[in-house]
Amino acid sequence: MDLSFLRAHDAVRDTAPLIQCLTNKVVSNISANALLAIGASPAMVDTPDESQDFAKIASGVLINCGTPNSEQYAGMREAIAGATAAGNPWVLDPVGAGGLEKRTEFMHEVLPQGPTAIRGNASEIIALAGTGAGGRGVESTDGVEAALEPALKLSRETGAVIGVSGPTDLIVQAGERPRAVSLESGHPMLQNVIGTGCSLGAICAAYLAAWEDPFAAIIAAHAHVGAAGSVAAETSTAPGSFAVAWLDALHELTTDAIEERISASEVADVAELS
């Protein structure tokens, strides 16, 4: 298929988008470093008093529900309001959807407010679409292929582009012309390093801020993170060295190098499922 979506990679470098991250305490540092590595600028502004004002000036916003508390829930609500008022893209990363009642209720509360993209593993997307119970904690117990119809349903209901992460990523957009792309990239070691998936949510926000087509932006973000994983695996034998090599690869990869390391194909029967 046409890989012109990878032009979004250069757009991120050229525009250096400012990304507000309301994310979990386990990955805050990792996500900030990943954003810096791709050429974006991170801002971990998540208090209720500041989140709305900052979301109005940020280029994009990440809402990650990994370790929420009452204050962060309030900050997330304010950030979503600010991003919506300013017309800025925001990404929902539904960490643990379906597994815990409070966070799942919050996710369903904000879904009608129009996230630009939703990025999660298969079980999280299936649970958020109301067609499954969620995975084991933050781990998916469903295959990516099982998330195609739930992702289409979720996209129709919210208008969001849906990114399903796994051994093969799936990016879905409903609408007048439903589209779905299967993306092969990455390496299994990505699952052994904390924060790679949550950083992908932040990177999705950066790509959305830099590129006019949300569907292309989300494919390109997944391609960048996956390609960096395949590079890192060539010089690493364990999670510690892989984590460092992955961050370096995020910074060093060119558009051409990403293209050489991925395989993307359109899902042929997606229109029939709609």
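At 40% relative accessibility, Ala-16 counts as partly exposed, a class that falls between buried, under 20% relative accessible area, and exposed, over 50%, as calculated with a 1.4 Å probe on protein chains only. Ala-16 is placed in the loop between α1 and β1 (18-22), where helices (H or I, at least four residues) and strands (E, at least two) are DSSP runs numbered from the N terminus. The phi angle of Ala-16 is near 45°, a positive value in a residue other than glycine.

The structure is a predicted model, in which local features need pLDDT of at least 70 and side-chain atom pairs count only at pLDDT 80 or more, while totals for chains, interfaces and linings use all residues. Residues are numbered from 1 along each chain as its sequence is written, and side-chain values use heavy atoms, with hydrogens and water left out.

Helix α1 (residues 7-15) contains His-9. This histidine is buried, with a relative accessible area of 3%. The side chains of His-9 and Thr-255 are joined by a polar contact of 2.9 Å; a polar contact is a pair of N or O atoms within 3.5 Å, of which, within protein, one must be able to donate a hydrogen and the other to accept it, and residues adjacent in sequence count only if both atoms are side-chain atoms. Not counting residues up to four places away in sequence, His-9 touches Tyr-207, His-224, Leu-253, Thr-254, Thr-255 and Ile-258, contact being defined as heavy atoms within 4.5 Å.

Under "binding site", an unreviewed UniProt entry lists Arg-119 and Ser-165. Although these positions are spread over 47 residues of sequence, they cluster in space, the largest C-alpha distance being 7.4 Å. UniProt positions are given in the numbering used here, feature names are shortened, and annotations may be inferred rather than shown by experiment. Arg-119 is located in strand β5 (residues 117-121), and Ser-165 in strand β6 (residues 161-165). Arg-119 is buried, with a relative accessible area of 7%; Ser-165 also counts as buried, at 16% relative accessibility. The side chain of Arg-119 makes a polar contact of 2.7 Å with the side chain of Ser-165.

The surroundings of the two residues were examined with neighbours within four places in sequence left aside. On this basis, Arg-119 is in contact with Leu-92, Asp-93, Pro-94, Gly-163, Ser-165, Gly-197, Cys-198, Leu-200, Gly-201, Cys-204 and His-222. The contacts of Ser-165 are with Arg-119, Gly-120, Asn-121, Ala-122, Val-144, Leu-200 and His-222.

Gly-195 lies in the loop between β8 and α8 (196-210) and is buried, with a relative accessible area of 7%. With residues up to four places away in sequence again excluded, Gly-195 touches Val-27 and Ile-30.

Strand β7 (residues 169-173) includes Gln-173, which counts as buried at 16% relative accessibility. The side chain of Gln-173 makes a polar contact of 2.5 Å with the side chain of Arg-179. Beyond residues up to four places away in sequence, Gln-173 touches Ser-155, Val-161, Pro-178, Arg-179 and Phe-215.

Arg-179 and Phe-215 also belong to the lining of the second largest pocket, where they are among the residues that lie nearest its centre, together with Met-1, Val-181 and Glu-266. A pocket is found on a 1 Å grid over the protein atoms alone, as an open set of points where a 1.4 Å probe fits, with protein on both sides within 12 Å along at least five of seven lines; lining residues have an atom within 4 Å of a point. The second largest pocket holds about 280 Å³ of space, a volume being the space filled by probe spheres set on the points, which are joined across faces, edges and corners. By class, 11 lining residues are nonpolar, 1 is polar and 6 are charged. Here Ala, Val, Leu, Ile, Met, Phe, Trp, Tyr, Cys and Pro count as nonpolar, Asp, Glu, Lys and Arg as charged, and the others, Gly among them, as polar.
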